[in-house]
Amino acid sequence: MEHNSTFPIKQSELDMLRDEASSYLKSVQWEQGIRAKNKDKETKDESILLYLSRANNGSNTTEITSVSKTILALKKRLLPDSVAIPMYLNQTLYAVQEGITLGIWIKDSYYDASGLSSLTENKSALDTSGKREFESKMHTATAFMLFSMAYKILHDLKPHASDDLSVMKQKFAGIPEVSLLSPMKSISCSLFYFDKYLGHPEIIKSDKDVINFTVVYFEALIDEIQLRKSALEYTETIEDRTYKLEHSEFAVSGWSNVFSGTAKSVEFNKIKFEQIVGNRDAKHFARRLTERLLSYDFIAKKNPFQELGGFMPVFMGYGIPGTGKSMLIAAIATRLKEHCDNMDIPFLFHPMPDTLISTFQGGSAEKMVEWMKPLQDPSKLIFAPIDDAENNLQERTAQGVSAGVKEVIGVFLRYTEGAYAVNYGNSSIGLFTNLPEMLDKAVISRVQGRFKIDGARTEHDFLDQDHLWWRKLQETMPDFVNMQDPLAYKYLEDQGLAKNMGDILEAVEKPSEERILETFEKVNKMHDASEHMFYASLYTEVQKVFPFFSSRDVRNIQSAISLRLTDFDLEDDWFENPETYFKKDYDTKFEMLKELMKSNMKGLDFSEIRRQEVIRYLDNVATIADTDFKRKVDARINQLNIETEARVQFDNEK
């Protein structure tokens with residue numbers, strides 16, 4: 001379902017609920033269920049669960065506990081000399097209170113949106129189906145409230161918790177019971193066990209443990225709710241909207257468990273473009289990408305380059321192994337990060353994790369949604385590379401492709417075009433692969449910009465690649481490298497960035513791929529390449545040879561031509577003084593770019609650029625289709641050779 005509307009959570013409305021939230025922290029009442037009491041009989045780890053189940057001395061009376069009192073007791077035990085409640089304890093108490101406050105607000109909002117409010121008012125007059133609807137909606141409201149409460153607590157505390165929580169997770173024995181009977185009971189139940197754990201001497205050994213345990217506990221609570229959500233009804237008014245907390249990055253979007261707070265930028269090695277040898281096409285493309293992303297307007301939530309046709313939400317870099325894909329990813333991230341820091345813009349480096357494909361049915365789709373969700377956050381610039389893309393986005397029709405890969409591709413396609421696809425012009429996904437022919441056809445057709453990563457290509461490139469290696473030796477031992485430098489070349493001179501694509505592309509007169517060349521010649525006899533009809537006929541003929549060629553390919557060719565038309569440098573001065581361009585309002589930026597584009601187009605010839613880009617694209621499509629077929633043939637030949645040789649050896653041994 002599309003997340004189409006965003007509702008603000010106003011701080012002033014939360015202020016009115018805070019007293020109710022803090023009263024839960026002062027005291028809750030809970031009578032343990034029979035099963036929770038008997039948990040100790042089923043478990044090896046008796047100490048903690050036994051302690052939890054005997055929480056009220058085995059009697060059936062309802063017990064009252066107080067989280068705030070327990071925190072005070074912890075302060076006395078852990079930090080007897082301190083006067084104020086120390087930072088971690090205070091932070092935890094405050095985060096739990098804010099979580100409950102937000103949960104209550106979300107619950108009230110669901111009551112109104114789902115019609116539960118009016119059912120509650122007329123509860124005494126409800127018939128059987130009305131009562132059933134009331135109970136069902138009550139369960140859903142309670143589950144969503146608990147989910148949002150836990151989610152907010154994690155958002156506030158996760159950044160302060162230790163990175164490695166494995167020790168705490170080992171001590172934690174799970175939540176004995178989760179109640180979804182009513183909002184009040186569910187908060188009481190979850191705080192009751194939270195409090196019991198906090199009071200257990202084995203769990204909390206230091207004040208930092210309080211934050212670590214709280215994160216582990218509320219992560220477990222979210223997991224419990226995720227397990228039960230499939231049984232809930234009336235969830236439409238949860239799944240069709242996003243609630244955003246004002247003056248904060250926090251948002252609740254359905255049941256999705258990735259708020260912008262957890263998508264933290266991944267660390268990467270800092271690399272400059274000059275340190276990458278060769279790859280002129282790739283470096284040029286990467287530089288254009290960074291300039292375009294930086295033009296995004298945070299207030300208008302759009303990018304002027306989108307209107308000019310020069311923005312690529314999905315692009316692909318491909319080439320043989322060992323030509324510098326990973327270095328290129330790091331170089332793009334480095335350049336973006338430097339500019340973002342300089343301009344005070346939030347930046348998210350968000351590579352796809354290697355562990356995406358899950359063995360559980362539906363697990364891969366859920367992880368993929370979780371990975372793609374942050375790409376819809378309009379409050380930062382996002383670069384999302386998928387390295388070795390052929391692993392997770394492999395051709396679905398190939399033999400032996402796992403269900404997980406199919407799920408991942410399904411989500412990728414849905415989020416890059418269609419109802420889910422939101423692109424503000426602030427995020428770009430880059431597929432990097434050695435084997436483009438192994439990528440799913442539908443995935444390839446989403447790619448709007450493509451470039452070759454071909455590594456060192458000239459004498460100067462190889463000279464520079466060696467120089468980058470031996471100059472480190474020279475720095476350590478100046479006279480050790482006793483060899484002569486080249487006479488007419490200054491090291492790294494060729495590794496700078498090109499002015500535009502025209503510098504990089506050799507003038508392509510004709511396609512290099514046989515079948516495309518044949519088709520090209522055939523159409524050339526009917527129409528001149530300066531006529532619009534030439535391309536209409538060419539596409540029709542290409543479709544006869546390659547049936548998968550479609551309107552989407554034509555759109556991709558159009559966007560490649562638009563990219564060439566917007567292939568101009570932004571002024572150096574704009575980077576040095578961001579207020580001259582980057583900090584201007586959207587309309588001003590758009591007008592400035594239009595002027596720059598006009599002056600850049602003076603030297604260009606539209607029909608020539610169109611011809612070049614069409615040839616590049618069709619050659620590319622044919623090569624990718626061919627390589628796949630050729631690999632299958634080679635594999636078959638290899639298999640036959642092995643079988644023949646095996647027979648010969650077998651006969652000889654007889």
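## Working chat: cores, contacts and a cavity

Reader: Where is Ser428 found?
Author: Ser428 is in strand β9, residues 427-433. Helices (H or I, at least four residues) and strands (E, at least two) are DSSP runs, numbered from the N terminus. This is a predicted model, where local features need pLDDT of at least 70, side-chain atom pairs count only at pLDDT 80 or more, and totals for chains, interfaces and linings use all residues. Residues are numbered from 1 along each chain as its sequence is written, and side-chain values use heavy atoms, with hydrogens and water left out.

Reader: Ser428, buried or exposed?
Author: Ser428 counts as buried because its relative accessibility is 0%. Buried means under 20% relative accessible area, exposed over 50%, partly exposed in between (1.4 Å probe, protein chains only).

Reader: Which residues is Ser428 in contact with?
Author: Setting aside neighbours within four places in sequence, the list is Leu289, Leu293, Met312, Pro313, Phe315, Ile382, Phe383 and Ala384. Contact means heavy atoms within 4.5 Å.

Reader: How many residues apart in sequence are Ser428 and Leu289?
Author: They are 139 residues apart in sequence. C-alpha to C-alpha, they are 8.4 Å apart in space.

Reader: Switching to Phe285. What is its place, and what does it contact?
Author: Phe285 is in helix α13, residues 280-294. Beyond its neighbours within four places in sequence, Phe285 contacts Met312, Phe315, Gly449, Arg450 and Phe451. Phe285 counts as buried, since its relative accessibility is 9%. Phe285 and Asp567 are 282 residues apart in sequence, and 9.4 Å apart in space, C-alpha to C-alpha.

Reader: Cavities next. How many of 30 Å³ or more?
Author: A search of the whole structure finds one. About 30 Å³ of space lies in the largest cavity. On a 1 Å grid over the protein atoms alone, a cavity is a set of points where a 1.4 Å probe fits but cannot get out. Grid points are joined across faces, edges and corners, and the volume is the space filled by probe spheres set on the points.

Reader: What lines the largest cavity?
Author: Arg280, Lys283, His284, Gly496, Leu497 and Ala498 line it. Lining residues have an atom within 4 Å of a point.

Reader: How many disulfides?
Author: Zero, in a search of the whole structure. A disulfide here is a pair of cysteine sulfur atoms within 2.5 Å. Cys189 counts as buried at 1% relative accessibility, and Cys340 counts as buried at 0%.

Reader: Which members of the largest nonpolar core touch the most others?
Author: Ile100, Leu191, Phe213 and Phe218, out of 75 residues. Helix α8 gives the most to this core, with 14 residues. Apart from this core lies another, of 67 residues, among them Phe347, Leu538, Ile609 and Ala625. A nonpolar core is a set of buried Ala, Val, Leu, Ile, Met, Phe, Trp, Tyr and Cys residues joined through side-chain atoms within 4.5 Å.

Reader: And what does Leu191 touch?
Author: Not counting residues up to four places away in sequence, Leu191 touches Tyr24, Leu25, Val28, Val67, Val96 and Ile100.

Reader: Backbone now. What is the phi of Tyr234?
Author: Tyr234 has a positive phi of about 55 degrees, though it is not a glycine. Most residues other than glycine have a negative phi. Tyr234 is in the loop between α11 (207-228) and α12 (236-239). Tyr234 counts as partly exposed, because its relative accessibility is 27%.

How values were computed: On a 1 Å grid over the protein atoms alone, a cavity is a set of points where a 1.4 Å probe fits but cannot get out, and a pocket is an open set with protein on both sides within 12 Å along at least five of seven lines; lining residues have an atom within 4 Å of a point.
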